[in-house]
Amino acid sequence: MALQRRFLVFINPISGTQQKKGLKAYITNTLSLQQFYVEVLPTQQNGQYPFLKDKIAADNITDVIICGGDGTVNQISSFLIDSNVHVGIIPMGSGNGLAFAAGIPKNRTKALAIILKNNAQPIDAFYINNQFSCMLCGIGFDAQVAHNFAEQPSRGLATYAKETTKHFFSAKPYRFKITANQQTFTTQAFFISIANSNQFGNHVTIAPKASLSDGLLDIVVVNKTNKLNLIIKLLQQIKAGKLGHISEQNKTIQYFQTENIIIENLDNAPLHIDGEPSKTATSFNINIIKNAFTLIHA
Ligand SMILES: Nc1ncnc2c1ncn2[C@@H]1O[C@H](COP(=O)(O)OP(=O)(O)OP(=O)(O)O)[C@@H](O)[C@H]1O
């Protein structure tokens, strides 16, 4: 007999710009029609879910469904490392980078159909100085945008685009010392992406060769250059970025893979973790977590 699935669903009331009216009823009705157990809870404003593992055990939960953006996915999945539950996403954020990397569309009917199909596969995540990330972290320009975005009264793609443009012309490179794959070098860079997913979100694939489950981090170092060349090289990277080697330090964009990386942040550049502004540090020790949790893919 097939396993009777038991769903715990979290809905973030503030993420993204999509209307969530009727979402709880839609999910409950669709899952109940299949005779599945379903409980729906709001997400935690403080991002903390210490009760989650006990609740999963007590209620025999098989699936945790997250209706929110990357920040919400980060917060909930950080409490699900080594859990057997399948994690499903109904993308409801501003960027939805992890969901899109797993092929999950924004349309709630299609996303729920994918959850019902249950194509679950383990994915990697990583620690950046003991903080959990499952999607993409950035140090520098994109982190400054994330910090500015968080202060805006509205969320969504339009606000992201506005903040990115506003900050672009004043953006300056930061000095970094980078150690990975037994090599160390110093550079001045606008930003460094540490990517498990292929994208920032909204299908902007800064690390187009990234796999969620290859046991490797994709590192993109966007080095100092003039702003016109920066735009051209970024567009080329997003469209068809090819993996190279850490030693290619003459390139505007260095793109390589590694399991671990140490980044010394010599100018105190800002940090974001999965799109959420985070407190920066003078040094980042970053390590992959292989098979961190199980995600339902398209
Ligand atoms: N119940 C709640 N009330 C208010 N804020 C909440 C609640 N639950 C979570 N949050 C906040 O929502 C934010 C996370 O939103 P999320 O990242 O999912 O959406 P987003 O930023 O619009 O999308 P994305 O991360 O995909 O760009 C976190 O800052 C979290 O603290």
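Helix α3 (residues 70-77) gives the largest share of the shell around the ligand, three residues, where helices are DSSP runs of H or I with at least four residues, strands are runs of E with at least two, and both are numbered from the N terminus. The model is predicted, so local features need pLDDT of at least 70 and side-chain atom pairs count only at pLDDT 80 or more, while totals for chains, interfaces and linings use all residues. Residues are numbered from 1 along each chain as its sequence is written.

Around the ligand stand 23 residues, of which Ser15, Gly69, Gly71, Gly93 and Gly95 are the closest; a residue counts as near if its C-beta atom, placed from the backbone, lies within 6 Å of the molecule. By class, this shell holds three nonpolar, 17 polar and three charged residues, with Ala, Val, Leu, Ile, Met, Phe, Trp, Tyr, Cys and Pro taken as nonpolar, Asp, Glu, Lys and Arg as charged, and the others, Gly among them, as polar.

The ligand lies between domain 1 (6-125) and domain 2 (131-289), because both give residues to its shell; the domain bounds come from an automatic or database domain assignment. The centres of domain 1 and domain 2, taken over C-alpha atoms, are separated by 27 Å. The contact between them takes 24 residues from domain 1 and 26 residues from domain 2, two residues being in contact if their C-beta atoms, placed from the backbone, lie within 7 Å. On the side of domain 1 that touches domain 2, α3, α4 (97-101) and β5 (119-128) each supply at least two residues, and this side has nine nonpolar, 13 polar and two charged residues.
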